[in-house]
Amino acid sequence: MTLIRQLEVRNVRGIGPFGPDLNLDGASLMLLGENGTGKSSYVDALEYVLTRQSSSLDIGKRGLSWRQGGQNIASKLPPHIKLVISDNKGGEHSLSLSDDPAKLTGYLGAWIAKAQQGGFVLRRRTMLQFLEADPKERYDSLSSFLALDAYERFESAIKDCVQEWQDRVKKAQSQVAHYTGQLRQHLSLSTSVSSESVLKAFNELLTTAGRPGLKSLDEVSALQTTLENDLKKYDGREKAVKLEAFQNLLSELPPIEPILLGMQGLVQAIEHHQSLEQGLSRGFSASVLREGLTWIEQGDLADCPLCEHPFTDREAVMSRIRERLEANDDYIRSQKALETQRAAVKDGLEGLSRSLGQLVKAWENATEAKIPDELLSLQIIVNPLVSKYANLPSRDSVSQDLETFGALDLGRVQAFLRKEVGERLNRLPGLEGFRELSELHRLALVIVTNHAGLVTSQQQVASAQSNHAQAEHLSQLAMQARKEAVQQAVKEVATEANRLYALIHPGEDIGKAMLTVAQRGQGSLELTGSFHGRQEDPRLLYSESHIDTLGLCFFLAVRRLNATRYPDFKLLVLDDVLHSVDSAHRQKTAEMLLKEFNDHQMVITTHDPVWFQRFKEAVGRSGLKFQFQRIGAWSLTQGPQWGDHQAEYDFCKNNMATATPDELAVRAGRLMEELLQNLCEEMRISIPFRKSGRYELGVLWPPFYKEAKNHKGFFAKAQRVCETIDGSYWVRNEAGAHFNESPAPVQPAEAKAFAQAAVELTDLVKCKTCGRFIQVVEAPKDNWVCRCGCLVYQKKIAGTSAGT
Amino acid sequence: MSKSQKAPLAVENLNQAAIERFRNLVTNSSTLSKEWREAILTDTKDGIPSTLTKTNLVGKGEGGK
């Protein structure tokens, strides 16, 4: 199993330039310290060196990031973190902030890759996130655990397919609208456009001209050839043909309705796209990310154009931006739809512009008159829009064009031009019959061209709609399959969480949490729990401590299942998580952790000395390899300092003659506080409860002194020392340990007497052989002995002792 | 660790579990056309239908019509 041997931390959060380091040597750790003494900084450092993310800082909120808050504010030096681990064969590997985890290979690389999936650190502030998240966020929070990346890519391909068919439906519908518009306009159809209505309208015109009607539209093409041959018989035909050519072109002028529809669609697409863009929850919008990526790729920049901080790894930044861009699938799909819509409008405008250009040329060819203003003004409006829609205009700009275009009366312009050309044709001699034939010929041409196009486009619409429905159904099946698979997985999570919960709350009619994947929507996860037979949102009925432990159990369930999936990564970090839980349930939690996660290396922090002690006792019974470390003091410049009575003992003993009175009094005071906390815990001596958890000498000494005086065997040996301390421990406060302005400075003799007594008391209560403090034993009843039996103080032997 | 932790878990290969459920749903779907269903069920690579790329699916749709 991979184990952490050492964590070296400098200049990180509350930890200053001197550490201290965590020398775990493969053991688990419980770290005790008051609030604000740097416990969580070790958790931050461990998490960051492994994942390059901080779950306490990198939470997507403005002004919060590791970059801004990771460094110790009193230090000018950059953060330094070095982690040493040992592999299952005993080999050692190290990892520091200068290493790029993505480039690590081999054993360490594989282990780090598991760490990077997260889910091994739980903090008090994140403990309830899973319970309090809305169902969509809850689902998303499990995404790295579910590891459905391959399947989600597969789903995304289906969604792309759905979008493609939807685009094709729209394109074919636009073609249908074009051909329908042409036929309706030229044949003056008031009914819906169909083969029947077109045939009927054309036959009426043929009958009026004294020609037989057609049986089907298939005959129009042959009729058109006949009419063309008939037209060749008329004089002045050359001039008439040119005028007729203009008329034909005028008839084929594309209607503006498809362009208007396209512009309306484009406005909607822009609005939809903008709403998606605004909905992107984290950091920069995709367009800014894309722009930033382009700058980074093209430029030789020293600083990131997005966050203005110097690059530490340009490739990693670019890779991260690309990942975030790829993550916005819906956004990208919407962008593609937007582009399709824009291109459709541009194509329509290009067609209209081209036709207008041809009309102008045909006018010049057929007449010697100046080009009519009506025609020119259309060109002036349309031509600039072709280049404008080469790129995506703003929503407001499209709306404005929609208004301008909607106001155009193309029919009126066509009628005017038709009249102009008609009058010119009328003035040509002997061409009355020609005009009639010419009109029939023109309409035949319109029908041949547009009806065939209409039939083909209608078939394309039907085909695209059918395929779109198939793809849409496929997408629904893919989503359903994912939800069913996820439901099975989250059921396992809930089952495991319930099992762990029952170990903390045995016999209580509460628990039975259920996770249910909602059938509606892309993915959301409902959470309920049972409370005396009622199944509700746990927050509705559970107490605060029951909610806390439920949050803990869900986290642990995911950790356990992840450990089963990746057995080589078994690290569990709990940062001061049992805040509102009573002592009995803490005890159960300790037992549960030691039983269920004994295959993990654990790092547990707490500010509660009672829980620390109870956990220590539980570990003692379990035989697990655990370290217990107490943070005794903290300062901005020095960072945490271990509560180490041995260091204070050595200082007092070795510097009795040379230390200043204040220093001696303070160091002896710390020695006494550490000593008495251990003694009161080991000997079950009651001390007054302090809500702050801070136990000073003035609180600890009187109960111990009272107990010592009642223990005749101990007091016989320790009376002089105890009386000295009782008469001199005031120097601890006078020496400024608690920021008091002293009216009477501590004298050298007073400080020395206090320090000497503290050293002597240490020798009386801590065994030099086994290194343990004396503790109360059951038999012989109430004797005070150390573990190895070298120190023994007998309760019932008055005035004597077998001590030492 | 307790015994229950050693049981096989769905989470161990959720991708594969989801794919298998998807294939079952496709097999039993009466809404999907024969062309689409066969294209998805027969053309696989590494357990994932290789037709499930946009280009291939669009192609299948065109062929089916």
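**Note on the predicted model: sheets, helices and confidence**

1. In this predicted model, chain A holds an open sheet of six strands with mixed pairing, in the order β5-β9-β10-β2-β11-β12. At its edges stand β5 (121–123) and β12 (639–642) of chain A, each of which pairs on one side only. From one strand to the next the twist averages 20°. Strands are DSSP runs of E with at least two residues, helices are runs of H or I with at least four residues, and both are numbered from the N terminus. Two strands pair if DSSP finds at least two bridges between them. Strands of a sheet pair through backbone hydrogen bonds, either parallel or antiparallel.

2. Conventions. Residues are numbered from 1 along each chain as its sequence is written, while chains are lettered from A and ligands numbered from 1 in the order in which they are written. Local features need pLDDT of at least 70, side-chain atom pairs count only at pLDDT 80 or more, totals for chains, interfaces and linings use all residues, and side-chain values use heavy atoms, with hydrogens and water left out.

3. Which strands does helix α21 (residues 583–596) of chain A touch? Helix α21 packs on the sheet and touches β9, β10 and β11 (626–635) of chain A; its direction makes about 165° with that of β10(A). Helix α24 (residues 661–682) of chain A lies across β11 and β12 of chain A, at about 145° to β11(A). Axes are lines fitted to C-alpha atoms, for helices over the stretch in contact, and angles run from 0 to 180 degrees between N-to-C directions; contact means heavy atoms within 4.5 Å.

4. Confidence. The mean pLDDT (the predictor's confidence in each residue, from 0 to 100) of chain A is 84, and 93% of its residues reach 70 or more. The lowest confidence in chain A is in helix α27 (residues 731–737), with a mean of 68, and the highest is in strand β10 (residues 601–606), at 94. Residues 798–804 of chain A have pLDDT below 50; this stretch has 14 contacts in the model beyond near neighbours in sequence.

5. Strand β6 (residues 510–517) and strand β7 (residues 525–531) of chain A pair in the antiparallel sense over six bridges, with A:Leu515 opposite A:Leu527 in β7(A). β7(A) also pairs with strand β8 (residues 534–536) of chain A, again antiparallel, over three bridges. The bridge partner of A:Gly529 is A:Glu536 in β8(A). Two residues lie between the strands of the β7(A) and β8(A) hairpin, where A:His532 takes a positive phi near 50°.

6. A further open sheet in chain A has three strands in the order β13-β14-β15, with antiparallel pairing. Strands β13 (775–776) and β15 (792–793) of chain A are at the edges with a single partner strand each, so one side of each is left without a neighbour in the sheet. Two bridges join strand β14 (residues 784–785) of chain A to β15(A), and A:Trp784 has A:Tyr793 as its bridge partner.

7. Cysteines. With a disulfide taken as a pair of cysteine sulfur atoms within 2.5 Å, the count over all chains is zero. A:Cys788 is in no disulfide, and the nearest cysteine sulfur, that of A:Cys790, is 3.3 Å away. A:Cys788 has 40% relative accessibility and counts as partly exposed, whereas A:Cys553 is buried at 0%. Buried means under 20% relative accessible area, exposed over 50%, and partly exposed in between (1.4 Å probe, protein chains only).

8. Does the length of helix α8 (residues 195–208) of chain A agree or disagree with 1.5 Å a residue? The 14 residues of α8(A) should span 20 Å, and the end C-alpha atoms are 20 Å apart, which agrees. The expected span is 1.5 Å times one less than the number of residues. Among the buried residues of α8(A) are A:Val198, A:Leu199, A:Phe202 and A:Leu206. Just after α8(A), A:Gly210 takes a positive phi of about 80°.

9. A:Leu7 is in strand β1 (residues 3–10) of chain A and is buried, at a relative accessible area of 3%. Beyond neighbours within four places in sequence, its contacts include A:Leu22, A:Tyr42, A:Leu46 and A:Ile81.

10. Chain B has three helices and two strands, which run α-α-β-β-α from the N terminus on. Of its 65 residues, 35% count as buried.
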